[in-house]
Amino acid sequence: MKDNLLEINNLNVEFETFDGTFSAVRNVSLSLGHNDSIGIIGESGCGKSTMAFATMKYLAKNAKSSGSIIFKDKDLLSMSERELTQYRGNRIAMVFQNPYSSLNPSLTIGYQLDEVSIFHREFDKAEARKATIEALKMMNIGEPERVVRRYPHQISGGIQQRICIAMAILCRPDLMILDEPTTALDVTTEAVILDSLKDLREKLNMSLIYISHDMGVINKVADKIVVMYNGEIVEHGPKEQLFEHPFHPYTRALINCMPRGGIVKEDSVLNTIHGYVKRRGTQETGCPFADRCEKRNETCEITYGMRPVGHLHTAACDRAYATDIPDKKRLKKEKQTIADLKTEDEPLLEISNLYKVYGSRRKVYAVNGVDVSLDKSSVLGVVGESGCGKSTTAHMVAGLYKPTSGRIVFEGADISISWKKRSPDILKKIQLIFQNPGNSLNPSHTIEQIISRPMKRLMHINSPEERRQKILELLKKVDLGSDYITKKPRQLSGGEQQRVAIARALSISPELIVCDEPTSALDVSVQASVLNLLNELQRDTNAAYMFISHDLNVINYISDYILVMYAGKVCEYGKRSEVMDSPHHPYTEALLSSIPETDPKIRRTAIKLEGQLPDPGKRPKGCPFAGRCHKQVGKVCEHVQPPLVKLSDTHQVFCHIPFNAE
């Protein structure tokens with residue numbers, strides 16, 4: 001035990017519900033050394049967070065736990081709430097996924113950070129403020145003296161998450177548990193946080209438990225990986241071994257689900273894991289993954305169990321590459337070139353000199369002169385950091401916001417107006433899929449009512465029988481059964497809710513679907529399924545997509561053209577291959593350098609962006625990226641708006657750097 005900081009032995013967590021008792025964590029055992037790091041990976045519902053909460057003894061009243069969690073020779077599970085006060089936040093710190101729920105909106109950042117030192121370390125106010133400023137500097141937060149006077153709503157999500165980590169390190173903990181802290185963040189912000197965690201681990205001699213469903217993120221911060229499924233550890237080992245040769249079929253399936261560099265929709269269909277993670281009764285035994293496993297045979301239940309498969313590498317199964325059941329062939333999509341997608345000379349959508357300014361007295365310049373077009377049956381991927389204006393631009397196209405100035409032309413008609421003033425025909429032809437399906441589906445309506453509403457109002461299909469028949473066809477298209485029509489959104493998983501949202505958007509045969517980060521909140525397995533579905537539906541319906549995401553691997557996989565935005569302006573635009581393989585704008589280079597790699601052998605040096613996004617309350621003068629650019633030409637970047645440089649007929653960039661046109 002002297003060699004280990006934390007040792008979990010046969011941990012079990014069960015929840016008693018109205019539907020019976022189910023097992024959330026079962027017989028989990030693992031150890032964590034001093035200055036060590038473990039990444040825990042798995043789909044939602046696999047018990048990752050429950051295991052972390054059990055370590056802190058943050059469990060609901062209907063939970064029962066057994067086993068032991070030994071931290072520095074003390075069993076945390078046997079301690080009282082009073083005894084745990086010495087450990088929670090002091091010796092063991094936890095950073096949650098959503099910083100908005102961790103920070104009090106009515107208190108300043110400085111006050112919330114100061115009280116940690118005052119409570120745990122018994123500092124006076126002056127000492128606490130000094131420790132707060134030091135912690136913010138360690139997290140590379142600029143102007144910490146100003147930040148401490150602000151409230152949470154006055155800073156970005158990325159800075160809020162860094163403040164939560166700063167709060168966690170104030171007591172110099174021995175162990176930090178991070179529960180998906182970068183899931184909703186941009187790649188550049190994510191890269192800064194992950195690099196900061198590596199530096200903190202070395203400076204503070206701190207151990208980490210990092211929970212995520214993204215193998216690329218885990219590779220950046222962890223030395224070892226634990227794969228969990230349905231409450232059990234199914235594989236555990238060094239990340240290089242686990243990636244190069246996974247033994248458990250679930251580990252291999254997770255890795256194969258992720259869109260990676262070089263994988264595009266024309267060449268391959270993403271691997272998926274059929275089915276979903278089911279609740280497991282306390283009496284159920286055997287392999288929990290058996291009902292979803294493509295490599296299952298009659299010997300699985302007999303031979304199932306954790307065993308060594310390599311140096312420091314253990315797995316509950318060794319059939320990931322079993323040849324007695326060959327891998328299923330993934331059918332390639334019909335090859336389409338961008339030239340094939342252009343069915344007419346006129347583009348489907350044209351955006352010209354588009355501006356959006358919020359407020360009258362205190363103005364916010366959200367979109368500052370965007371020009372772009374979208375062809376029929378093609379996909380425009382829009383990428384950029386939070387606050388760059390990509391969602392605002394998309395919502396203006398969908399009619400949720402009215403532009404301050406500029407034009408949006410759809411099929412030759414000017415639609416630069418609110419949706420209330422648009423014709424029923426335009427409303428029918430442009431649909432929107434939101435990031436969070438749970439918030440966009442009416443919780444009191446059945447799936448049939450949700451999908452049938454636009455059919456009744458915009459297509460005037462008044463016959464209930466005709467609507468139901470079409471709904472059943474749509475549900476089949478999105479891989480949902482006929483029994484779903486009577487269910488309500490709360491009875492569906494996140495992936496199933498998103499499929500319903502897609503079915504609703506398709507119910508009136510639109511020509512343009514605006515997809516606002518539709519996969520960012522989903523597991524990699526569900527994400528792969530949704531991306532495959534969107535590709536297949538586009539091929540069948542010839543609809544065009546305006547696809548917004550901060551995940552460049554997703555953008556690379558699904559897009560035909562890519563638009564890179566920063567602070568409300570366009571940085572770069574071109575065909576997918578032009579932008580991804582030959583980026584010219586320094587901001588595009590920074591974004592691409594920050595993509596987490598799924599292969600731990602590939603080590604990419606991220607271009608660190610110093611400073612913050614420009615103040616959206618001030619009208620930009622020169623290049624908005626000037627203050628953070630690693631290739632800044634000179635003062636001209638700060639005072640003169642960058643010119644349009646055409647690198648080819650389809651590839652253009654707004655930059656002062658003197659590129660040679662191809």
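At what angle do the axes of helix α19 (residues 494-506) and α20 cross, and within what distance do they come? They cross at roughly 15 degrees and come within 10 Å. That makes α19 roughly parallel to α20, because angles under 35 degrees count as roughly parallel. The model is predicted.

**Helices α19 and α20**
- Two packed helices are described by the angle between their axes and the distance between the axes.
- The crossing of α19 and α20 is right-handed.
- On the α19 side, the contact is made by Gly495, Arg499, Ile502 and Leu506.
- On the α20 side, Val526, Ser529, Val530, Leu533, Leu534 and Leu537 take part.
- An α-helix has 3.6 residues a turn, so residues three or four places apart point the same way.

- Strand β20 spans residues 512-516 and is mostly covered, with five of its five residues buried.
- In a regular strand the side chains alternate between the two faces of the sheet.
- Both faces of β20 are covered: one side carries Leu512, Val514 and Asp516, the other Ile513 and Cys515, and all are buried.
- Strand β19 (residues 430-433) runs parallel to β20 and is joined to it by four bridges.
- In this pairing, Ile430 stands opposite Leu512 of β20.
- Strand β21 (residues 544-548) also pairs with β20 in the parallel sense, over five bridges.
- Here Asp516 stands opposite Ile548 of β21.

**Helix α11**
- Helix α11 (residues 249-257) is largely enclosed by the rest of the structure, because eight of its nine residues are buried.
- These buried residues are Pro249, Tyr250, Thr251, Arg252, Ala253, Leu254, Ile255 and Cys257.
- Among the strands that cover the buried residues of α11 are β3 (37-41), β9 (224-229) and β10 (232-238).
- The helices that cover them include α9 (215-221), α10 (239-244) and α20.

**Phe659**
- Phe659 lies in the segment after β25 (652-654).
- Leaving aside neighbours within four places in sequence, Phe659 is in contact with His584, Val645, Leu647 and Val653.
- Of these contacts, Val645 is 14 residues from Phe659 along the chain, and their C-alpha atoms are separated by 7.6 Å.

Definitions and conventions. Residues are numbered from 1 along each chain as its sequence is written. This is a predicted model: local features need pLDDT of at least 70, side-chain atom pairs count only at pLDDT 80 or more; totals for chains, interfaces and linings use all residues. Side-chain values use heavy atoms; hydrogens and water are left out. Buried means under 20% relative accessible area, exposed over 50%, partly exposed in between (1.4 Å probe, protein chains only). Helices (H or I, at least four residues) and strands (E, at least two) are DSSP runs, numbered from the N terminus. Two strands pair if DSSP finds at least two bridges between them. Contact means heavy atoms within 4.5 Å. Axes are lines fitted to C-alpha atoms, for helices over the stretch in contact, and angles run from 0 to 180 degrees between N-to-C directions. Angles under 35 degrees count as roughly parallel, over 145 as roughly antiparallel, 65 to 115 as roughly perpendicular and the rest as oblique. A crossing is left-handed if the near helix is turned anticlockwise from the far one by less than a right angle, and right-handed if clockwise.
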